[in-house]
Amino acid sequence: MEAATDKKNLLSLLAEAFDQRGLDHHAGRRKAMELFSAKGLPTAKSEEYRFTPIVRALESNFTAIAPTKSTTPQFLEHLWSMPCNLVVFINGVYSATHSILLDPHIKITRAEIGTTLLSEDPFALLNHAFAETEVTIEVPPHHTIEQPLAVVYCFDQPSFIFANPRWTCRIGAGSKLSVLEYTLAESSSPYFNNKQSFIEVGEHTILELTTLQQGSKDEVLVNNSLVNMASSSRAYCYTGTLEGKLVRNNLTLLIDGEGIDAHLHGLYLVGGSSLVDNHTVVDHRKPNSQSNELYKGVMDGNGKAVFNGKIFVRPDAQKTNAFQSNRNILLSEASNIHTKPQLEIWADDVKCSHGCTTGQLDEEALFYLRSRGLAKDTAKGMLLNAFASETLEGIPNESIRAQVNQLIQNKLHPTIE
Amino acid sequence: MLKIQNLHAQIEEKPILNGISLTVNAGEVHAIMGPNGSGKSTLAATLAGREEYTVTQGSVEYMGKNLLEMTPEERAREGVFLAFQYPVEIPGVSTINFMKTALNQIRVHRGEAPLDAVAFLKLMKEKMKLVEIDQSLLNRSLNEGFSGGEKKRNEIFQMAMLEPRLSILDETDSGLDIDALRIVAHGVNALRSKNNATIVVTHYQRLLDYIVPDFVHVLYKGRIVKSGTRELALELEEKGYDWIKADLATAR
């Protein structure tokens with residue numbers, strides 16, 4: 001009963017904020033808000049959010065005050081060694097001043113939010129209702145963008161922020177783009193980053209999307225990421241979660257053409273009392289494409305993780321090859337993982353497989369390494385790193401891969417040389 | 001170097017070692033023989049510090065220190081090396097990668113400066129020759145997809161790299177064809193010196209044709225029931241273990 005009251009509070013807070021900000025004058029936002037209100041916030045009874053109590057994580061300090069963009073973010077440091085085209089959101093609000101493009105072929109425009117809903121996920125609807133603006137990044141056809149496009153979410157306020165960054169990226173036919181998504185935040189700032197992105201990948205186009213989640217320890221993050229792929233395109237999506245109180249990733253790939261090659265890799269390292277939830281959807285709508293998915297997780301302390309991998313193979317999608325694997329290591333008694341592969345296949349001439357494993361650290365291997373003189377912690381870090389680094393095969397760019405690997409190593413064992 | 005006195009050990013409440021006493025001095029090679037299930041591998045694992053085995057009685061003194069109080073890595077750093085009967089496969093960790101970290105942690109423990117990449121590579125190339133092992137194998141995931149012979153050569157390669165004082169070879173001959181056996185034995189013999197000692201645990205006498213022991217002990221039901229010189233091994237080869245068992249029955 002208590003939970004129901006709190007839920008109502010959060011809902012009414014959101015409804016009030018929507019009215020106060022005058023957002024109901026806009027048809028698209030109103031449509032999203034109405035649908036959101038009708039559906040309500042997810043509870044433990046909602047199939048898609050059964051194990052992921054986002055409402056509970058939010059209600060302790062939620063305020064729906066409009067975020068202000070900071071004029072001088074002190075810590076817009078660069079995480080990567082290579083120069084990047086920058087798209088910067090400060091406290092959820094797009095900052096034109098900080099978004100600096102190196103490649104003149106990339107165009108960024110801002111527009112009022114549209115009326116087409118991308119998804120009926122409650123948080124996607126909230127983003128639609130509250131996002132400040134629609135940022136559209138366009139890459140023309142037949143251009144390989146050499147420097148990665150870094151989409152950075154900065155949080156520089158000690159108080160709670162309800163952020164709704166939103167962007168769309170259209171990559172023209174025969175082009176290539178590498179997108180790096182990451183967060184810069186003070187280590188303990190509380191915020192709710194309710195992000196929505198939509199990437200349209202043209203024919204014969206290559207997309208590399210590397211998402212690195214290492215924001216604040218008190219972060220609540222819902223990452224709605226939709227990728228729409230056209231014929232003969234290729235995508236490498238990597239989602240690495242290293243920090244955060246509660247992180248939910250909704251990654252959806254629409255395989256909407258033939259000859260598509262889609263790769264989804266993910267790694268989640270979950271400690272303390274954090275929760276990381278990866279929901280992926282690979283929706284094969286046309287024939288002759290393939291998808292390959294590998295997600296791995298290491299849970300320690302009271303850490304919890306959820307993996308739900310949906311693969312749809314529609315009646316038209318004959319000759320589809322779709323593979324999925326989820327592997328987990330639990331380091332403590334109190335840690336846990338809910339893993340669920342969900343394959344729905346309507347075509348009859350396809351090759352699909354899935355598998356999931358959950359186990360502990362291999363004690364035999366640990367003893368072997370220690371018997372060679374390695375300190376227990378070093379040996380443990382080495383084994384975990386070996387387990388985790390398999391996911392890095394999903395990052396084609398060597399330099400990005402090396403840097404992500406370094407961040408993973410630092411997290412798993414700070415002293416491995 | 002090593003003084004085992006009245007050692008009792010068990011796994012999950014089941015006693016395996018029932019009072020072993022054995023003294024090993026520098027420069028010596030001891031062979032431990034015995035039928036299956038006599039406790040040979042348990043003795044090797046207990047000396048290396050495997051945590052599943054609980055010592056219930058007795059003592060093990062190594063270089064004047066209490067070995068049983070040390071963690072597996074402390075034992076290794078003090079110069080104890082176990083060549084595994086079944087070397088573990090570790091995907092994603094290459095021999096080179098973990099040996100460099102291991103060797104340097106051992107060197108730091110000994111008060112020596114860690115080796116840089118160049119010095120490490122030089123040492124490695126030298127030791128690779130000893131067991132005729134290829135570098136491509138050492139770059140691969142540890143023991144993954146290795147043949148039986150390759151796994152055992154890798155064990156002896158690691159032994160050569162770490163230069164232990166006390167080497168314990170647990171059934172190193174199992175899974176080896178005759179060529180691999182010769183290579184492995186050659187490696188072990190090349191590493192023998194008056195400063196180090198070797199314990200060879202084996203079921204068959206065959207290995208002892210190549211690694212010639214100074215002493216042979218027969219382990220049965222967790223006790224050393226007979227000790228002798230190399231001739232004892234030859235006698236066992238000829239008469240089999242039933243001879244020892246019968247001998248023991250008569251003695252009672």
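Okay, A:Glu47 and A:Arg50 form a salt bridge, with their closest N and O atoms 4.0 Å apart. A salt bridge here is a side-chain nitrogen of Lys or Arg within 4 Å of a carboxyl oxygen of Asp or Glu. Side chains of opposite charge can pair when their charged atoms come close.

Before I go on, this is a predicted model, where local features need pLDDT of at least 70, side-chain atom pairs count only at pLDDT 80 or more, and totals for chains, interfaces and linings use all residues. Residues are numbered from 1 along each chain as its sequence is written, chains are lettered from A and ligands numbered from 1 in the order in which they are written, and side-chain values use heavy atoms, with hydrogens and water left out.

Back to our pair. Are they buried or exposed, or partly exposed? Buried means under 20% relative accessible area, exposed means over 50%, and partly exposed is in between, using a 1.4 Å probe and protein chains only. A:Glu47 has 48% relative accessibility, so it counts as partly exposed. A:Arg50 is partly exposed as well, because its relative accessible area is 41%.

Next up is another pair in chain A: A:Lys286 with A:Asp256, whose closest N and O atoms are 3.4 Å apart. A:Lys286 is in the loop between β15 (275-284) and β16 (290-299), and A:Asp256 is in the loop between β13 (246-255) and β14, so the pair ties together parts that are 30 residues apart in sequence. When I say helix or strand, I mean DSSP runs numbered from the N terminus: helices are H or I with at least four residues, and strands are E with at least two. A:Lys286 counts as partly exposed at 33% relative accessibility, and A:Asp256 is partly exposed at 30%.

Now over to chain B, where B:Glu171 forms a salt bridge with B:Lys40, the closest N and O atoms being 3.7 Å apart. How many residues apart are those two? They are 131 residues apart, with B:Glu171 in the loop between β9 (166-170) and α7 (178-191) of chain B, and B:Lys40 in helix α1 (residues 40-48) of chain B. Both B:Glu171 and B:Lys40 are buried.

Chain B has ten helices and twelve strands. Its radius of gyration is 18 Å, close to the 18 Å that the globule rule gives for 252 residues, so chain B is as compact as a globular protein of that length. That radius is taken over C-alpha atoms, and the globule rule is 2.2 Å times the number of residues to the power 0.38. The C-alpha atoms fill a box of roughly 60 × 40 × 35 Å along the principal axes. Of the 252 residues in chain B, 53% are buried.

One helix to find on screen is α6 of chain B, residues 148-162. Its 15 residues should span 21 Å at 1.5 Å a residue, and its end C-alpha atoms are 22 Å apart, which agrees. The expected span is 1.5 Å times one less than the number of residues. α6(B) is mostly covered, with 13 of its 15 residues buried.

Another residue in chain B is B:Glu78, in the loop between α2 (72-77) and β6 (80-83). B:Glu78 is buried, because its relative accessible area is 17%. What does B:Glu78 touch, not counting residues up to four places away in sequence? The answer is B:Tyr62, B:Lys65, B:Met70, B:His109 and B:Arg165. Contact means heavy atoms within 4.5 Å.

Last stop, back in chain A: A:Thr183, found in strand β8. A:Thr183 is buried, with a relative accessible area of 5%. Leaving aside neighbours within four places in sequence, A:Thr183 is in contact with residues including A:Tyr153, A:Phe155 and A:Tyr191. Strand β8 (176-185) is also among the elements covering the buried residues of α7(A). Those buried residues are A:Ile400, A:Gln403, A:Val404, A:Ile408, A:Gln409 and A:Leu412.
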